[in-house]
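Trainee: I should like to learn how to read the packing of a helical model. May we work through one together?

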Amino acid sequence: PRVGTQPSLEMVMKLTNKDFQASFGHTPAGWRGKKILQRNAAINLGNSGSRRAVPLLQEALADPSKPVRISAEWGLARIRELDEIR
């Protein structure tokens, strides 16, 4: 599948290895790897402050990749922090 110029953060978080290769294998992101992209998506989801991101980030807490898990924890904490400010 092609992702276009602005893939959704939800799509990035749910990418399978096969879909990652099909969508990003030919791009510079392809050699960096899926987990780096997912780590960055988790950070962006946290910065969005959207409560709709909470289920995605909670699911990422079980990811085998430590950077993804840490970024998901940070994202959830950031959403809580932004909720308190509002």
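**Reading helices, rings and a core**

Mentor: Let us begin with a loop: glycine 33 lies between H3 and H4. Please bear in mind that this is a predicted model.

Trainee: Is glycine 33 buried or exposed?

Mentor: A residue counts as buried when its relative accessible area is under 20%. Glycine 33 has a relative accessible area of 18%, so this residue is buried. Glycine 33 and arginine 69 are 36 residues apart in sequence, and their C-alpha atoms are 16 Å apart in space.

Trainee: How does one read an aromatic pair, and how many are there here?

Mentor: A pair of aromatic rings is described by the distance of the centres and the angle of the planes. In this model the count comes to one aromatic pair. Its members are phenylalanine 20 and phenylalanine 24, with 5.5 Å from centre to centre and 25° between the planes. Planes under 30 degrees apart count as stacked, and this pair is stacked.

Trainee: Where do phenylalanine 20 and phenylalanine 24 sit along helix H2?

Mentor: They are four residues apart in helix H2 (residues 17–24), and are therefore separated by about one helical turn. Both phenylalanine 20 and phenylalanine 24 are buried.

Trainee: Which residues of H2 are buried, and what do they pack against?

Mentor: Phe20, Ser23 and Phe24 are the buried residues of H2. Viewed down the helix axis, the buried residues of H2 fall within an arc of 80°, so they line one face of the helix. They pack against helix H3 (28–32) and H4.

Trainee: How may the length of H4 be checked?

Mentor: At 1.5 Å a residue, the 15 residues of H4 should span 21 Å; the C-alpha atoms at its ends are 21 Å apart, which agrees. After H4 comes glycine 49, with a positive phi near 75°.

Trainee: Which residues of H4 are buried, and what covers them?

Mentor: The buried residues of H4 are Lys34, Leu37, Gln38, Ala41, Ala42, Leu45 and Gly46. Their cover includes H1, H2, H5 and H6.

Trainee: What should I look for in a nonpolar core?

Mentor: In soluble globular proteins, nonpolar side chains tend to be buried together. Here the largest nonpolar core has 18 residues, and Met13, Leu37, Leu45 and Leu57 have the most contacts inside it. Two or more residues of this core come from each of helix H1 (9–13), H2, helix H4 (34–48), helix H5 (54–60) and helix H6 (66–85).

Trainee: What does leucine 45 touch?

Mentor: Leaving aside residues up to four places away in sequence, leucine 45 touches Leu9, Met13, Ser50, Ala53, Leu56, Leu57 and Ile79.

Note on methods: Residues numbered from 1 in each chain as written. Predicted model: local features only at pLDDT ≥ 70, side-chain atom pairs only at ≥ 80, totals over all residues. Heavy atoms only, no water. Phe/Tyr/Trp six-rings, centres within 6.5 Å; stacked < 30°, edge-to-face > 60°. Buried < 20%, exposed > 50% of the residue type's maximum accessible area, 1.4 Å probe, protein only. Core = buried A, V, L, I, M, F, W, Y, C linked by side-chain atoms within 4.5 Å. Contact = heavy atoms within 4.5 Å. Expected span 1.5 Å × (residues − 1). Arc of directions from axis to C-beta.
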